[in-house]
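Please keep the sequence and the structure at hand while reading.

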Amino acid sequence: MSENYDRRSFLGKVLLSMAAVDVVSNGATHAQKTKKDPASTRPASTDAFGDIKQIDAGVLNIGFAEVGPVDGTPVLLLHGWPYDIHTYIDVAPLLAAKGYRVIVPFLRGYGTTRFLSSEAFRNGQPAALGVDIIALMDALKIQKAIVAGCDWGARTANVVAALWPERVKAMVSVSGYLIGNQQAGKAPLPPAAELQWWYQFYFATERGRAGYEKYRNDFARLIWQLASPKWNFDDATFLRSAAAFENPDHVDIVIHNYRWRLGLAQGESKYDEFEKRLASSPAISIPTITLEGDANGAPHPDASAYANKFSGRYAHRLIKGGVGHNLPQEAPKDFAQAVIDVDALQM
């Protein structure tokens, strides 16, 4: 689930109000049109997206869904934990119908994405996930794309936009600015706020690791219910996504991610420079729309805490109607419209 690494800015509950801010534009470039690469190995399918493609990218063989014209403006839709590509099952066709080339990858540790080497470190730190997305863009010969995400996916979109702004045309981010660092994550919160992060402390123990391994579906279902208390998802919807948690690296990636945040696990030295840059909380200069649901039950920062972190054209939207943490799946039309509108913020 989403975490602003500057945890001192978190509140146990948040009150969000509508806000729209236009600031200095960072200029515009047109997304480069590309042709689709052929899938590589291990073809698979889901009952919703159809064939899942595979391509070697960096340290991974990444599974991804793709819809829309191959020469359309690329849009990367990034999922979070404990969710999967079906977060965007209703968003993707809406964008494809508008002419976008929509790519929805399984993050490392999910679905059909696999490490190319059995010796690779199963690393869940933020910089590693950001590098994965750049590697995927390189493999697909995409020079520039709109990036959009929720939860881990929003943080990953933030990381890519902050470290490689030349590769990002625009961004949509649920719960705003989520870049942080281990040092900030060590700062204690008031007890009520710490309670919301119960699973993070659970994952810090070997009992928690074993519990997640054994009960991962029960665990994920509980998180869905807590994070989106007004979302009445059915068993079929949940089980469709839960299949992605059977990935052999899933538990390792999730546990490392949360332990890394608390400074209880080390990352890889090759990402040190990236993490150092991210630790400075860099401003994001590309056009951005941030979104929040009015019934988000997961820990998240107030919109006022991060508005000044976006130095390009920027707007924030509160999505009403009992919308929880998994905003793209609960309010797909609003999310898709944000992608279309942020594209129009180009000048």
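## Salt bridges overall

A search of the whole structure, which is a predicted model, finds 11 salt bridges. Several of them are described below, with the elements that they connect and the accessibility of their partners.

## Pairs involving helix α2

D132 and R108 meet through their side chains in a salt bridge, at 2.6 Å from N to O. Because D132 lies in helix α2 (residues 126–139) while R108 lies in the loop between β5 (101–105) and β6 (114–115), the pair ties together parts that are 24 residues apart in sequence. D132 counts as buried at 6% relative accessibility, and R108 is buried as well, with a relative accessible area of 2%.

D138 forms a salt bridge with R167, in which the closest N and O atoms are 2.9 Å apart. This pair links distant parts of the chain, since D138 is in helix α2 and R167 is in the loop between α3 (152–163) and β8 (168–174), 29 residues apart. D138 is partly exposed, with a relative accessible area of 45%, whereas R167 counts as buried at 9% relative accessibility.

The side chains of D343 and K169 form a salt bridge of 2.7 Å, N to O. D343 belongs to helix α13 (residues 332–344) and K169 to strand β8, so that distant parts of the chain, 174 residues apart, are linked. Both D343 and K169 are buried.

## The loop residue E246

E246 is placed in the loop between α9 (235–242) and α10 (250–261), and it is exposed, with a relative accessible area of 53%. Leaving aside residues up to four places away in sequence, E246 touches R216 and N217.

Methods:
Residues numbered from 1 in each chain as written. Predicted model: local features only at pLDDT ≥ 70, side-chain atom pairs only at ≥ 80, totals over all residues. Heavy atoms only, no water. Helix = DSSP H or I, 4+ residues; strand = E, 2+ residues; numbered from the N terminus. Buried < 20%, exposed > 50% of the residue type's maximum accessible area, 1.4 Å probe, protein only. Contact = heavy atoms within 4.5 Å. Salt bridge = Lys/Arg side-chain N within 4 Å of Asp/Glu carboxyl O.
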